[in-house]
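Q: I would like a close look at one part of this model, with the cut-offs behind each term spelled out. Please start from the packing and then follow the chain to whatever sits beside it in sequence.

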Amino acid sequence: MELDSDPHILLTNDDGIDAPGLRALHDALSAVGEVTVIAPDRNRSAVGRSLSYGRTNSSDGGDLSLDLEADSFTSLVPHTDHDLGYAVDGTPCDCAIVGAKGLEPAPDIVVSGCNDGANLGAYVFSRSGTVSAAMEAAFLGTPSIAVSMDTLGYDDDLEPADFERAGEIAADLVAGAPGTGLFDRVDYLNVNVPGPAADPDGFAITRPTEVYEMDAALEDGRFQLTNRLWQQMSNRDIPDDEDTDRHAVLEEAVSISPLRVPYDVVDTEPVRTVFDRVL
């Protein structure tokens, strides 16, 4: 899909509409196109591709049971006006769908971010609200860019100025894409920027790392999860291949992963043989 040279840009995120990363992207993108913000009214991090569709009482934490017949397959997505656009009582994917299908004119591109924290590795695509919003737009046929910044170990309160580099990169990508045919070949980009204290050393075209590790334990009658990857990343000692996203960010380069929405099917003779045997 070819982008317009003066694009309508839908901006969303998962940190909430008042997050400094979204404000920074809004200001940067406004210089290269017309920006409409539709974002969650509060932090919705790590909700993945969840939707509010068909659910009731989503704003008061009450019954979340599905009643599709009663709702006739249509569900309200409550919102309030905001100085940046629309604050939605819903998920990042709700925002992407509402923006891609409910706006006139429809957006030429969706930008999601900038997330407070990197979104690196194949495993994050079904977990990160930031990346999930970009994926949702891509499934709906709208080019998209997810933008995140590594903030691990950065203890100061973040301000929009801390996301300035991320905003510049997002604006450059949106402004530079028209006429290139990029989004005829790619559905969405996952962009990760080194932290605010870093001096990024160029950019790298990367693939999502497949290195993944989580631990769990039952101690004192309670379950607990431990993210070993973040521990290792904090120490800067994860054994990722040089062409991966996390390796690039740890080397203080901007990581750009050009991606297509997931649809790979493993249809091989050995797989077919298994099905023939068991079915």
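Which strands does helix 1 (residues 20-29) lie across, and at about what angle does it run to strand 5?

A: Helix 1 lies across strand 1 (8-12), strand 2 (34-40), strand 5 (109-116) and strand 6 (144-149), and it runs at about 140° to strand 5. The model is a predicted one, in which local features need pLDDT of at least 70 and side-chain atom pairs count only at pLDDT 80 or more, while totals for chains, interfaces and linings use all residues. Residues are numbered from 1 along each chain as its sequence is written, and side-chain values use heavy atoms, with hydrogens and water left out.

Helices (H or I, at least four residues) and strands (E, at least two) are DSSP runs numbered from the N terminus; axes are lines fitted to C-alpha atoms, for helices over the stretch in contact, and angles run from 0 to 180 degrees between N-to-C directions. On those terms, helix 4 (residues 129-139) also packs on the sheet, where it touches strand 1, strand 5, strand 6 and strand 7, and its direction makes about 170° with that of strand 6.

The sheet itself is open and has nine strands in the order 3-4-2-1-5-6-7-11-8, with mixed pairing, two strands being paired if DSSP finds at least two bridges between them. Strand 3 (79-82) and strand 8 (203-205) stand at its edges with a single partner strand each, so one side of each has no neighbour in the sheet. On average, neighbouring strands are turned by 20° against each other, direction ignored. Strand 7 (residues 188-193) and strand 11 (residues 254-259) pair in the antiparallel sense over five bridges, and the bridge partner of Tyr 188 in strand 11 is Leu 259.

Between strand 1 and helix 1 runs a loop that holds Asp 14 and also Asp 15. UniProt, in an unreviewed entry, places the feature "binding site" at Asp 14, Asp 15, Ser 45 and Asn 115; such positions are given in the numbering used here, feature names are shortened, and annotations may be inferred rather than shown by experiment. These residues span 102 residues in sequence, yet no two of their C-alpha atoms are more than 9.0 Å apart, so they gather at one spot.

Asp 14 counts as buried at 3% relative accessibility, as does Asp 15 at 15%, where buried means under 20% relative accessible area, exposed over 50%, and partly exposed in between (1.4 Å probe, protein chains only). Asp 15, not counting residues up to four places away in sequence, touches Arg 42, Asn 43, Ser 45, Cys 114, Asn 115 and Asp 116. Its side chain also makes a polar contact with the side chain of Ser 45 (3.1 Å), a polar contact being a pair of N or O atoms within 3.5 Å; within protein, one must be able to donate a hydrogen and the other to accept it, and residues adjacent in sequence count only if both atoms are side-chain atoms.

Methods
Contact means heavy atoms within 4.5 Å.
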